[in-house]
Amino acid sequence: MTDELNLPPSSDKAWLLVKSPAAVFVCWTLGRAKTEAFKTASYAPNVLVRLVSCEDKTLAVEAEVRWDAGKIYLKPPAEGRICSAAVYARKKDGGQEKLLESNAVAAPVSSPLGGVSSGYSSAEFFRRLG
Amino acid sequence: MSSKGSLLFLLHAHLPYVNHPEHADFLEENWFFEGVVETYIPLISMLESLVKDGIRPGIAVSISPTLGAMLENETLEGKLARYIKTRLELIDKELVRVENDPALLKIVRLYARLYEEAAGIIHTYSGDLITPLKQLQHAGHIEILTTSATHSILPLLARPEALRAQVAAAADDYMDRFNTKAAGFWLPECAYDPRLQTWLKLSGFEYIFTESHAVEFSEAAPRNGVYSAYRTPNGINVFARDAESSKEVWSAKFGYPGDPAYREFYRDLGYDADYDYIKPYLSEDGKRRPLGLKYHRITGDVDLAGKLIYDPDEAQRAAERHAADFLERRMRQVEEIHSSKGIKPVIVGCYDAELFGHWWFEGPTFLECVLRKIRQDRLPLQFVTPSEYLNSAQEPPELNPQISSWGEKGYFDPWLNEKNDFVYPEVLAVTDKMIETANRFRNHDLSLLAARALNQAAREVLLAQSSDWPFLLYIGSHAQYAAARVEGHVAGAARLLAEVLEKKIDEKALAGLEKKNNIFPRLDFRLFASVSKF
């Protein structure tokens, strides 16, 4: 067993999920130490969330959001490409610190049907009058 | 007559795991009681009736592990018996109340037959509704599939270990329930991503179903469209849903279920009857709620107050007419595909089982008419199960399906949006904790108590991952309950994992959770361990 596996589970995590060809979802949780760093203004209140193509490491999208939002939707890079997200904090000295890195996902290819699904029964029936 | 093509019907039966033994009466448990009386028993009865008449249904049915567990749960069985008994009491009162109104009397008698049939079938099988399904499969009349352990949207699980746990737990559950290996895996909501191939293969599954655009827009354009099976590079067979035949049955707006003659779902005696009269049949809080006795027809585009009285005979005729129309359309479709592509197509229709009977009251009648008419009219079509088709067809061409689902807009929007995305950090975090803890303890010689705690934590994590909770939050139905379920399972798992790490397990609390969330009795927490670490 490695030393890593002997550590208690960490609370500093980021995940990347596919929503659609138009959007991926990045969300994160921070443990006590990093939360404290934001609360005591060691870090600026906004984090930078970057979406990077895993194949050539090129930056696809960068967006800024408050650290305690814990989530953001981003437009993925070119369809079919694998990407991952990273969350950066801005330090007092103006530098950036990479806090978290997510799993990798493949951005879906959009259907030429223009996103019109051919049907979803449960939702349709729930919405018919309800 | 030799067939020009095949119809492959799959009914996907699923309900979220709702079991509250701590309450005598619990609102959301009614989903199960309504499903049993209005869908599962009418379908079992219909299938048995066809077999009795020498007609082999030849359809596929997927039964989610959560529904399977509820069908085997003795506490729910007792509550179901009480539910049916009180409905029959109410129906007896209704028979007296409407005795001078022939139109209403006809409808009340219909419900009397429905609930008496439910009571009869439950009695015949001593409360175990898995038995008739098992028998139908054993005799080759139907093919039963499973789906992911708790109906999780698999592409929304970030870690491969979580995918493996959902898939492998389902395979084990099926083996325990049906005493045989499952060949087919229903992807919840047809949600597919290529990572799944590995785990499906490792758990021994042979085929899956996807939405049509998973196949139609794959890199190599499929020559046969969605009208034949395909095979992924690692050997999983893929059936894609046919949009045309699906829409006719699916759509409340464009499809058969919206016919004015059919029963109106949303107008119910629970809201219409005098309050004092109906009060004994409402829940403990005394709030009006649907009681399953619905006396009106869809009528047309009018509000609920303007709905006309239901006529079962007219609805029966509509179901027969729709069955004939459905088959005529399939015949034309098969002819067109046969002449344009030179193949004997397989038309794949996948539907939520609960559409038939619960939402679309006449759905089982429609389905029975379709199955009988093919035989009676000697139509050149045949129903095939997925395994029959694969055994008789040529080697399926190779194809890599695209990421997709059958949900609104074709991807994962209904399960991941501003209304429900708050659940994901919690669920993903506790899943990660489960994986890390499983890796840590997988080779430990654990005490029985610690192993019980870790196994229950694994159950809680699986239950937190159900697709039902984000979906209910999205549509705003039972949203508070859905949010509480996620929170409860996440908190339960996190507490158990912490207790194991701290070696301070609260045995009483553990026993309480084991009693309440008593799904997957044989589950081993090591299913969450990283495969490469074994």
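Author: Ala, Val, Leu, Ile, Met, Phe, Trp, Tyr, Cys and Pro count as nonpolar, Asp, Glu, Lys and Arg as charged, and the others, including Gly, as polar. The model is predicted, so local features need pLDDT of at least 70 and side-chain atom pairs pLDDT 80 or more, while totals for chains, interfaces and linings use all residues. Residues are numbered from 1 along each chain as written, chains are lettered from A and ligands numbered from 1 in the order written, and side-chain values use heavy atoms, without hydrogens and water.

Reader: How many charged residues are in the lining of the second largest pocket?

Author: That pocket, with a volume of about 540 Å³, is lined by 21 residues, with Leu110(B), Leu114(B), Gln316(B), Phe361(B) and Thr365(B) nearest its centre. (On a 1 Å grid over protein atoms alone, a pocket is an open set with protein on both sides within 12 Å along at least five of seven lines, a cavity is a set of points where a 1.4 Å probe fits but cannot get out, and lining residues have an atom within 4 Å of a point; points join across faces, edges and corners, and volume is the space filled by probe spheres set on them.) Ten lining residues are nonpolar and five polar, and the charged ones number six.

Reader: Which element gives the largest share of the lining of the largest cavity?

Author: The largest cavity, of about 140 Å³, has 13 lining residues, with Tyr40(B), Leu43(B), Ile44(B), Val61(B) and Leu133(B) nearest its centre. By class, 13 are nonpolar, with no polar and no charged residues. Among elements (DSSP runs numbered from the N terminus, helices being H or I of at least four residues and strands E of at least two), the largest share, five residues, comes from H1(B).

Reader: Where does the second largest cavity lie in relation to the domains of chain B?

Author: This cavity has a volume of about 120 Å³, and of its 14 lining residues Tyr424(B), Ala464(B), Gln465(B), Ser466(B) and Pro470(B) are closest to its centre. Ten of the lining residues are nonpolar, four polar and none charged, and helix H15 (423–441) of chain B gives the largest share, four residues. Because domain 1 (9–72 + 128–263 + 310–409) and domain 2 (416–533), with bounds from an automatic or database assignment, both give residues to the lining, the cavity lies between domain 1 and domain 2 of chain B.
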